[in-house]
Amino acid sequence: MTHNFDVVVLGGGIGGYTAAIRAAQLGKSVAIVEQDKLGGTCLHRGCIPSKALLRSAELFAAMKESESYGILAEGVKLDFNKVQTRKTAIVDQLHSGVQYLMKKNKIEVFRGKGCIIGPSIFSPRSGTVSVEQEDGEYLSLVPNALIIATGSRPRSLPGLSIDGEFLLSSDDALTMEALPASMIIIGGGVIGVEWASMLSDFGVQVTVVEYAPRLLPGEDEDVSRELERLLKKRGVTVHTGAKVLPETVRTGAGGVTLSVEKKNGTLELSADKALVCVGRQANVEGIGLENTDVKIENGFIRVNDFMQTAESHIYAVGDCIGGVQLAHAASHEGIMAAEHAAGRNPHGYAAHRVPRCVYSRPEIASVGWTERQAAEQGFELKIAKLPFKPLSKALVYGETDGFIKVIANKRSNDILGVHMIGPHVTDFISEAALAQLLEATPWEVGQTIHPHPTLSELLGEAMMAVDGQSISF
Ligand SMILES: Cc1cc2nc3c(=O)[nH]c(=O)nc-3n(C[C@H](O)[C@H](O)[C@H](O)COP(=O)(O)OP(=O)(O)OC[C@H]3O[C@@H](n4cnc5c(N)ncnc54)[C@H](O)[C@@H]3O)c2cc1C
């Protein structure tokens with residue numbers, strides 16, 4: 001059977017379903033093809049389940065320290081089954097929400113694996129999507145514009161195969177029925193660091209192995225250093241500049257053993273399980289790209305500023321195009337593709353201006369260039385770095401670790417980067433992102449009245465401190 005649509009979206013993750021909604025809002029007839037569950041990685045295997053687990057871990061850790069808040073709680077215990085049940089309930093509720101949005105916007109959802117076909121009797125252009133439905137029947141969706149949003153999946157190291165029992169991907173870890181006593185985390189990027197923080201709060205003995213010289217290699221060096229210090233203070237073992245040797249990995253009744261090569265020798269590590277967090281691989285195979293002129297570069301679909309591939313009526317968004325592999329980038333790209341396909345002129349974005357958040361304890365949030373990146377571009381810098389320690393709201397919360405660092409251009413007064421590690425910083429990084437978007441100066445952000453007592457007061461002070469005008473520091 002053949003159906004015609006203005007827009008067909010291949011992949012129902014956050015990039016895909018956001019594109020579908022925007023296209024429908026602009027009056028287009030829209031179909032979305034999803035082989036699994038609407039919501040994709042973010043909802044089922046990423047942002048939401050991981051943050052639900054992190055919240056339980058954070059609360060558990062806080063309860064263990066409740067005495068310092070004057071609360072005497074005895075016999076605090078963890079019921080990991082209930083932790084998982086709560087996580088699943090949150091995911092299910094949001095999943096229903098996405099399904100409702102499809103109905104509300106009159107988007108036709110096709111369950112099944114989609115594959116793009118070349119020019120055919122249905123259309124002189126490539127881009128028709130053939131859908132293999134669950135009952136084995138095929139149907140064809142013929143679009144005026146196709147938006148590819150097939151996302152990504154966990155990657156492993158060459159020679160290291162994830163077995164789901166001893167060697168886990170983040171997908172496996174999210175569905176663990178019980179916590180291991182110890183875990184080696186291979187990879188100290190965002191996902192690895194979040195798991196390290198969470199598992200350590202749950203009482204798991206954690207060892208992080210990172211190949212780069214520091215954790216979170218994409219973040220400002222001061223932030224990496226502070227994070228490593230704080231994780232170590234909580235009992236997490238961190239090995240940076242350390243290379244896991246895949247050929248040494250052994251699994252069995254005793255758990256996992258492996259060797260790690262460091263500058264000064266080789267280390268033997270062992271744990272109940274190991275979690276592999278070494279990045280994400282785009283889903284670009286088996287979706288029929290060979291039937292089109294769409295180009296792949298370094299494993300990702302190549303697009304222009306409007307998300308168009310080499311075939312102008314075929315767009316691609318989200319993790320499958322690489323760049324900023326974050327949910328909010330995917331949804332923004334989805335909106336851009338839908339708007340462009342509808343003949344609008346969408347608002348673009350610069351990759352470095354997408355806020356980046358890490359939901360470890362304490363949290364990390366940043367936007368713009370790191371100090372090193374800004375210096376490498378030849379900007380003359382003025383920098384302020386203020387600690388949370390003396391801030392009233394941080395003291396009230398009992399969470400005083402971390403700092404806010406603001407990097408500005410000495411000549412133009414532009415805000416080049418804002419880097420925060422500290423309590424709940426992910427909640428107010430958007431203020432810094434807005435300031436960059438509106439090209440505000442640090443002084444202008446400082447003049448914005450920040451309510452007292454809030455954690456965001458420190459951002460206002462740090463902005464003023466760039467020009468030596470902070471009141472409290
Ligand atoms: C553990 C973890 C934690 C994360 N935490 C955060 C976070 O806190 N904040 C954040 O911003 N980002 C986070 N991310 C990243 C975020 O989840 C992704 O950037 C985002 O989900 C990408 O969305 P997408 O729509 O491009 O792809 P996906 O969400 O991967 O969706 C792609 C969809 O396409 C479907 N599909 C693929 N091929 C086909 C086909 N041939 N036919 C039909 N359907 C197909 C898939 O089934 C999937 O549902 C996290 C990721 C992980 C793994």
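**What covers helix α11, and other points**

Guide: In this predicted model, the buried residues of α11 are covered by elements that include β20 (356-358), β21 (363-368), β24 (415-422), α12 (442-447) and α13 (457-465).

Visitor: Which residues of α11 are buried?

Guide: Helix α11 runs over residues 429-437, and its buried residues are Ile429, Ala432, Ala433, Ala435 and Gln436. Each of them therefore has 20 or more other C-beta atoms within 10 Å of its own.

Visitor: What puts them on the same side of α11?

Guide: Around the axis they cover an arc of only 160 degrees, so they share one side of α11.

Visitor: Which residue with a positive phi follows α11?

Guide: Glutamate 439 does, with phi near 55 degrees. Its place is in the loop between α11 and α12.

Visitor: What makes the phi of lysine 106 worth a remark?

Guide: Lysine 106 is a residue other than glycine, yet its phi is positive, near 55 degrees. Most residues other than glycine have a negative phi. Lysine 106 is found in the loop between α4 (80-104) and β3 (108-111). With 9 other C-beta atoms within 10 Å, against a limit of 12 or fewer, lysine 106 is therefore exposed.

Visitor: What does the UniProt annotation say about residues 354-462?

Guide: The unreviewed entry gives "domain: Pyridine nucleotide-disulphide oxidoreductase dimerisation" for residues 354-462. In the model this span is 30% helix and 28% strand, and its end C-alpha atoms lie 20 Å apart.

Visitor: Which residues come nearest to the ligand?

Guide: Gly11, Gly13, Gly40, Gly151 and Gly318 do, out of 36 residues around the ligand. Elements that each supply at least two residues of the shell are α1 (14-25), β2 (30-34), α2 (40-44), α3 (47-64), β4 (113-117) and α8 (327-341).

Visitor: How do the residues of the shell around the ligand divide into nonpolar, polar and charged?

Guide: The shell has 12 nonpolar, 19 polar and five charged residues.

Visitor: How do you know whether the radius of gyration of the chain agrees with that of a compact globule?

Guide: For 473 residues, a compact globule would have a radius of gyration near 23 Å, and the chain has 24 Å, so the value agrees. The C-alpha trace spans about 70 × 60 × 45 Å along its principal axes.

Visitor: What percentage of the residues of the chain count as buried?

Guide: Of the 473 residues, 46% count as buried. The chain holds 13 helices and 24 strands. Of the contacts between residues at least 6 apart in sequence, 64% join residues at least 24 apart.

Terms used: Residues numbered from 1 in each chain as written. Predicted model: local features only at pLDDT ≥ 70, side-chain atom pairs only at ≥ 80, totals over all residues. Helix = DSSP H or I, 4+ residues; strand = E, 2+ residues; numbered from the N terminus. Arc of directions from axis to C-beta. Contact = placed C-beta atoms within 7 Å. Near = placed C-beta within 6 Å. Nonpolar A, V, L, I, M, F, W, Y, C, P; charged D, E, K, R; others polar. Rg over C-alpha atoms; globule rule 2.2 N^0.38 Å. UniProt positions renumbered as here; feature names shortened; annotations may be inferred.
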